[in-house]
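Please take a moment to look over the sequence and the structure together before reading on. The paragraphs below lead through them step by step.

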Amino acid sequence: MSLFKIISRSPTLCQPKLRVASIGICLPKLTRPISSRGTQFTLNNGQKIPAIGFGTFQDPELQEDAVCSALKIGLRLIDTARVYDVEEQVGKGIRKSGVPREEIFLGTKLWCNSYHPDDVENALDESLVSLGTPYVDLLLMHYPCTFARGPEPFPRDSSGKMILGKTTYVDTWKAMEKLLKTGKTKAIGVSNFSKGELETLMRECSVAPAVHQMEVHPYLQQKSFNQWLRSQGIHVIQFSPLGNMNDFYRNTGWSKDVSHTKRIIDQPILQEIGRKYGKSTVQVALAWGVNSGRSVIPKSTIDWQIKENVEADFELDPEDMTKIETLDIKARFNDPSFDYQWRLYSDLEGIEGTVEGRTH
Ligand SMILES: NC(=O)c1ccc[n+]([C@@H]2O[C@H](COP(=O)([O-])OP(=O)(O)OC[C@H]3O[C@@H](n4cnc5c(N)ncnc54)[C@H](OP(=O)(O)O)[C@@H]3O)[C@@H](O)[C@H]2O)c1
């Protein structure tokens, strides 16, 4: 069922004003219906994926109500990960919302300490138990690098340096391919891969990734990589679709200088385009992703922001898409290469300026 159909049937859609956590419930107040095209895309396995979704990184104590609100407001794509340590809250939020599981596209990610082929299915089982669901719609390999096997998500030596594992992402992917037959995940994909790493994967394995989840926003458009992914039938989910709106990027040592560029919300060209459509700057940034054929997964724990994000699915005129193209300053905010002891994104744009930093 499309998001539009779900929305148009629901009597509970509204214009919320309250921060979720401040009221301790997840049902927003009713004022007017949500306006959204309800765009969906089709993955290379035939599965449908909504254009606008919901990110769950950070604020663990707020995520149960935030997920519940997001679903009640009309979102049907939820992105989480084992390493975010919020899967339990996400599962509770889904059940609290009352939205049937089969109407939700739920994705999680395998973390780097579970990449040994013998660990992959167990790791997914643990995610399923935490989420309280018999299957996910998408399982992603979170990064191409492998950390040492074991319970420690960030295994470090006495000097604080990450201890890497021996498994290659090709071996991990082959183990993920087997999961498709178990019904525990409907699709598999990757995140944070370079073009070369994806080419290796597709050369050596039998199932092509359905999705690549990667950093894309008006400041890091990755135009040629996006075109290549499209030519390969790999759907892109944009993470951090609002660029440097997340304070995390200002506080981490990963990319300190570039993270202090003007926040997306203060960008004058996006503001001007927003005025033309009666939309916010954030909505224009998200609509740019959707009009480019990608899904976006903004994170928010605030009801009015979540609703604003749902309403970011509207058509932008070609001239406005062209104006947004001029904002591509190739600013990559998420680059833990030094900390993870792995040159990530090696053949992609925006890798200059990464500084050594540790966040976990
Ligand atoms: N695969 C990966 O390696 C990877 C990496 C990073 C992120 N992700 C996924 O992508 C999701 C989103 O990325 P992100 O959290 O880094 O960044 P983001 O969604 O681009 O930005 C989040 C920030 O924007 C604010 N915000 C959201 N909607 C807003 C609105 N309508 N108006 C004003 N401000 C708004 C949020 O505020 P509040 O917090 O105050 O609500 C938060 O500070 C994550 O939650 C996660 O699921 C994946």
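**A walk through the model**

In this predicted model, helix H3 passes helix H4 in a right-handed crossing. Two packed helices are described by the angle between their axes and the distance between the axes. Here H3, which covers residues 60-73, and H4, which covers residues 87-97, pack at an angle of about 35°, and their axes lie 7 Å apart. On the side of H3, the residues that make this contact include Pro60, Ala66, Val67 and Leu71, while H4 contributes, among others, Val90, Gly93 and Ile94. Sorted by class, the contact of H3 with H4 consists of seven nonpolar, four polar and five charged residues.

From the helices we can turn to the strands. Eight of them form an open sheet, in the order S3-S4-S5-S6-S7-S8-S9-S10, and their pairing is parallel. Strand S3 (54-55) and strand S10 (295-296) stand at the edges with a single partner strand each, so one side of each has no neighbour in the sheet. Within the sheet, strand S7 (residues 188-191) runs parallel to strand S8 (residues 211-215), and two bridges join them; Val190 stands opposite His212 in S8.

The model also holds a ligand, and there are 26 residues around this ligand, of which Gly55, Phe57, Leu242, Lys299 and Ser300 come nearest. Helix H13, residues 303-310, gives the most to this shell, with three residues, and the shell as a whole divides into 10 nonpolar, 13 polar and three charged residues.

How far does the confidence reach along the chain? The protein chain averages a pLDDT of 90, and 88% of the residues score at least 70. Confidence is highest in strand S6 (residues 138-141), at a mean of 99, and lowest in helix H1 (residues 3-9), at 29. Over residues 1-23 pLDDT stays under 50, although the model has 55 contacts beyond four places in sequence for these residues. Where pLDDT is low, the predicted coordinates should not be read in detail.

Key: Residues are numbered from 1 along each chain as its sequence is written. This is a predicted model: local features need pLDDT of at least 70, side-chain atom pairs count only at pLDDT 80 or more; totals for chains, interfaces and linings use all residues. A residue is near a molecule or strand if its C-beta atom, placed from the backbone, lies within 6 Å of it. Helices (H or I, at least four residues) and strands (E, at least two) are DSSP runs, numbered from the N terminus. Ala, Val, Leu, Ile, Met, Phe, Trp, Tyr, Cys and Pro count as nonpolar, Asp, Glu, Lys and Arg as charged, and the others, Gly among them, as polar. pLDDT is the predictor's confidence in each residue, from 0 to 100. Two residues are in contact if their C-beta atoms, placed from the backbone, lie within 7 Å. Axes are lines fitted to C-alpha atoms, for helices over the stretch in contact, and angles run from 0 to 180 degrees between N-to-C directions. A crossing is left-handed if the near helix is turned anticlockwise from the far one by less than a right angle, and right-handed if clockwise. Two strands pair if DSSP finds at least two bridges between them.
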